[in-house]
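Open the structure in your viewer and keep the selection tool at hand. The tour goes stop by stop.

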Amino acid sequence: MELVQIQLYEKEVQKVNVSEVVVKRQSIRAFKPDPVPQDILKKILETALHAPSAGNSQPCEYAVVSGAKLVAVKAAVLTATSQMPKIDIPISMNYPEPWGSRYAIIMHGVQEKLGISREDKQKRADWNIWGMQLWGAPACIYIIIDKNFYNAGEVPNSLNIFDCGLVAQTIMLLATEQGLGTIPAIMPVLYPEILRQVLGLPANKLFVAGIPIGYPDWEHPANKFRSAREPLEKMVKFYL
Ligand SMILES: Cc1cc2nc3c(=O)[nH]c(=O)nc-3n(C[C@H](O)[C@H](O)[C@H](O)COP(=O)(O)O)c2cc1C
């Protein structure tokens, strides 16, 4: 395997340090329609490929979709929203405490900013559909793994998913560095069969998550919401 040398594009990026970028990144739920230049998307992905993976197996593949193809994806997904979602990677939506409260806080927090009441089922449904429409993002990076690796053993290879998480955060930090907004999301991959159809991918390519990417609409109320974190003392124990 050839070692791929990347050109660091220092001149083009704002000078920010890693800690700043980590704190600055937030999930963006409203994008401007302005397209993201292909060379920026390419550089983000090229750099993100340096993320570590178990055994350097590099299980993640990426479909970077924009332009007419993304219009086709969004249109096809829209026709499916009345059907039950059938995602590739099984997940549980059971959120017992203390995890459930954290989830509720972000869900209601975003809706509060939008002025959507808990009783307004129609507006909540519309907002969900807007999520499936990638919150207006002009591009989406879909993270894919191959079923022939993920399901090669007796149990699914969870490390594949761990590796995808590492690369997803790397992509999002690099995007933040470029002044771009992102959101790691399940919403874009609720109908993977449709994605495979529109993108011409075979059944063994499994969609793990999508990262809608674009320039944030900072005026939009959804982007005024910032999620909180538990304090260090609660989450971290130091053993000496
Ligand atoms: C694997 C994963 C899936 C997610 N899926 C969604 C989603 O479908 N819809 C959504 O609004 N946010 C989604 N999020 C975003 C989280 O709600 C968000 O990361 C969390 O509330 C923390 O907020 P922050 O990203 O602004 O720091 C997802 C995040 C992760 C890591």
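## First stop: a loop with positive phi

Select Q58. This residue sits in the loop between α2 and β1. The model is a predicted one. Check the backbone at Q58: phi is positive, about 50°, although the residue is not a glycine. Is Q58 buried, partly exposed or exposed? Its relative accessibility is 40%, so Q58 counts as partly exposed, since that class runs between under 20% for buried and over 50% for exposed.

Now select N56. The loop between α2 (38–48) and β1 (61–66) holds N56. Here phi is near 50°, again a positive value in a residue other than glycine. N56 has 45% relative accessibility and therefore counts as partly exposed.

## Second stop: a cis peptide bond

Select E97 and P98. Look at the bond that joins them: the peptide is cis, with omega about 5°. Where is P98 in the chain? It lies in the loop between α3 (67–80) and α4 (99–114).

Select I91, M93, Y95, W99, Y103 and I186. These residues form a nonpolar patch there. Together they have about 600 Å² of accessible area.

I186 belongs to the loop between β3 (181–182) and α8 (192–199). With 35% relative accessibility, I186 counts as partly exposed.

## Last stop: the ligand

How many residues are around it? There are 13, and R25, S27, P184, S227 and R229 come nearest. Colour this shell by residue class. You will find seven nonpolar, three polar and three charged residues.

Next, show the side chains that reach the ligand's oxygen atoms.

- R25: an N or O atom of its side chain is 2.8 Å from a ligand oxygen.
- R29: a ligand oxygen lies 2.8 Å from an N or O atom in this side chain.
- S227: here too, 2.8 Å separates a side-chain N or O atom from an oxygen of the ligand.

Finally, how much of the ligand does the protein bury? Taken alone, the ligand exposes 620 Å². The protein buries 66% of that.

Notes:
Residues numbered from 1 in each chain as written. Predicted model: local features only at pLDDT ≥ 70, side-chain atom pairs only at ≥ 80, totals over all residues. Heavy atoms only, no water. Near = heavy atom within 4 Å. Polar contact = N/O pair within 3.5 Å; in protein donor to acceptor, adjacent residues only side chain to side chain. Areas by Shrake-Rupley, 256 points an atom, 1.4 Å probe, with all protein chains shown as cover. Nonpolar A, V, L, I, M, F, W, Y, C, P; charged D, E, K, R; others polar. Patch = residues over 30% accessible without salt bridge, like charges linked within 9 Å, V, L, I, M, F, W, Y side chains within 5 Å. Salt bridge = Lys/Arg side-chain N within 4 Å of Asp/Glu carboxyl O. Helix = DSSP H or I, 4+ residues; strand = E, 2+ residues; numbered from the N terminus. Buried < 20%, exposed > 50% of the residue type's maximum accessible area, 1.4 Å probe, protein only.
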